[in-house]
Number of protein chains: 2
Amino acid sequence: MNVRTLCLAILHFGEVTGYEIKKLAEDGKFCYFIEASFGAIYPALTRMANEKLVTWRSEVQEGKPVRKIYSITDSGRQEFVQSLYEEPKPDRFKSEFLLMMLCSNTLDRHYVTKLIDKKIIELENERKMLEGLCDNNKSSAETFVTGYGLNMNKAALKYLLEHRSLLEDQQFSVS
Amino acid sequence: MNVRTLCLAILHFGEVTGYEIKKLAEDGKFCYFIEASFGAIYPALTRMANEKLVTWRSEVQEGKPVRKIYSITDSGRQEFVQSLYEEPKPDRFKSEFLLMMLCSNTLDRHYVTKLIDKKIIELENERKMLEGLCDNNKSSAETFVTGYGLNMNKAALKYLLEHRSLLEDQQFSVS
DNA sequence: GTTAGCATGTAAACAGTTACATGATTGT
DNA sequence: ACAATCATGTAACTGTTTACATGCTAAC
């Protein structure tokens, strides 16, 4: 997976601007794929427009910058669907929080509690976001994917609440 | 998180070779942090040895290559613990599988079934690996972290089994 | 008055991947 | 025979991040 494929994937579901791609990959419906910065998205879109995988039109708005609205072309869609038949890389869950928890006995006890509290709030906010997404699903595939994320989120939250004492009641080393 | 911090984190828990760091970050106890290739790990260790954050000794083995066993130094440990007090980046779950499922109605029905079956086997293998890790935990922090991973794995597996019909019973587009 | 959101884009710098090189042993 | 495991390392390449540039609106 790279920024190119991410853009094609989002464009496969409808017209968007570069700015919207960023938002959708960050928070929205497409948050399970990769993160991408503007410095990666805009050049990718420009290159793909040259290669005729996407096209765009300008939309002038009053008091706001011009929007470049991108659409996927037939050859773009073809390349995208073809990429779906390539061997998927294994799923990965990565967490700096878990590294901190693994080393929690070398940290300050109150800092650990603060980190856990913050993580709980983060998970609750993510849950609200995901529940919002679930409400306006169109297809059963969308229901499956947003449901998957919500399921993982709830599992993490439940585990944290039930097992945080394992970390907070341990022996802390003095520094 | 970068390769440097990953190496320091693993060395914080004991002496290892570059080769072992790769394995531990791939499959082992440290699989929740980042993936790193040999081409990233070896130069990182060499650089950190120059900076006196780590040291190493050679171990000659018969019929096998020489092993360079790395240890963390006091200043290495100091830098590492300090990095644990920096704001953690949000956790992320990334999955090419979910992208495929999101687009499953444009794929071949049998291919979708095959992908789900493969994912189930992958999750079961991961579960066995994690259960192996859980058995030889030393601290409650380790118990917490391996338990977290196992909990997420089980939640994913359960969801997949209960909801796969959502994908397999949908209307597929003809190509 | 400052921050955040909307919106696009460039260019230098960097981190990390991929491919290659080497070589013995063990398993299929 | 061939692939896999153990084990270290280099170098070219590439993809991406970070920082900068621009500018208007709305909220706090």
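User: How much area do domain 1 of chain A and domain 2 of chain A bury between them?

Analyst: This is a predicted model, in which local features need pLDDT of at least 70 and side-chain atom pairs count only at pLDDT 80 or more, while totals for chains, interfaces and linings use all residues. Side-chain values use heavy atoms, without hydrogens and water; residues are numbered from 1 along each chain as its sequence is written, with chains lettered from A and ligands numbered from 1 in the order in which they are written. Buried area is the accessible area (1.4 Å probe) that two parts lose on being put together, summed over both. Carbon and sulfur atoms account for 67% of the area between the two domains, and the total is about 490 Å².

User: Which three residues supply 81% of the area that domain 1 of chain A buries against domain 2 of chain A?

Analyst: Chain A is divided into domain 1 (3-83) and domain 2 (96-168), with bounds from an automatic or database domain assignment. Contact means heavy atoms within 4.5 Å, and four residues of domain 1 of chain A are in contact with seven residues of domain 2 of chain A. The share of 81%, more than any other three residues supply, comes from D27(A), K29(A) and Y32(A).

User: Which residue forms a salt bridge with K29(A)?

Analyst: A salt bridge is a side-chain nitrogen of Lys or Arg within 4 Å of a carboxyl oxygen of Asp or Glu. The rule finds one across the interface of domain 1 of chain A and domain 2 of chain A. For K29(A), the closest N and O atoms of the pair are 3.5 Å apart, and the partner is E142(A).

User: How much area is buried between chain A and chain B?

Analyst: The contact involves 61 residues of chain A and 60 residues of chain B. Because 98% of the interface residues of chain A are also interface residues in chain B, the copies meet through the same surface. Carbon and sulfur atoms give 68% of the buried area, which comes to about 6,300 Å².

User: Which element gives the most residues to the side of chain A that touches chain B?

Analyst: Between chain A and chain B the count is eight salt bridges. The elements that give two or more residues to the side of chain A that touches chain B include α1 (3-12), α6 (109-135) and α7 (140-168) of chain A; helices (H or I, at least four residues) and strands (E, at least two) are DSSP runs, numbered from the N terminus. With 18 residues, the element that gives the most is α7(A).

User: Which residue of chain A meets K94(B) in a salt bridge?

Analyst: The structure holds 36 salt bridges over all chains. The pair in question runs from strand β3 (residues 92-94) of chain B to the loop between α2 (18-26) and α3 (38-50) of chain A. The N to O distance is 2.9 Å, and the partner of K94(B) is E35(A).
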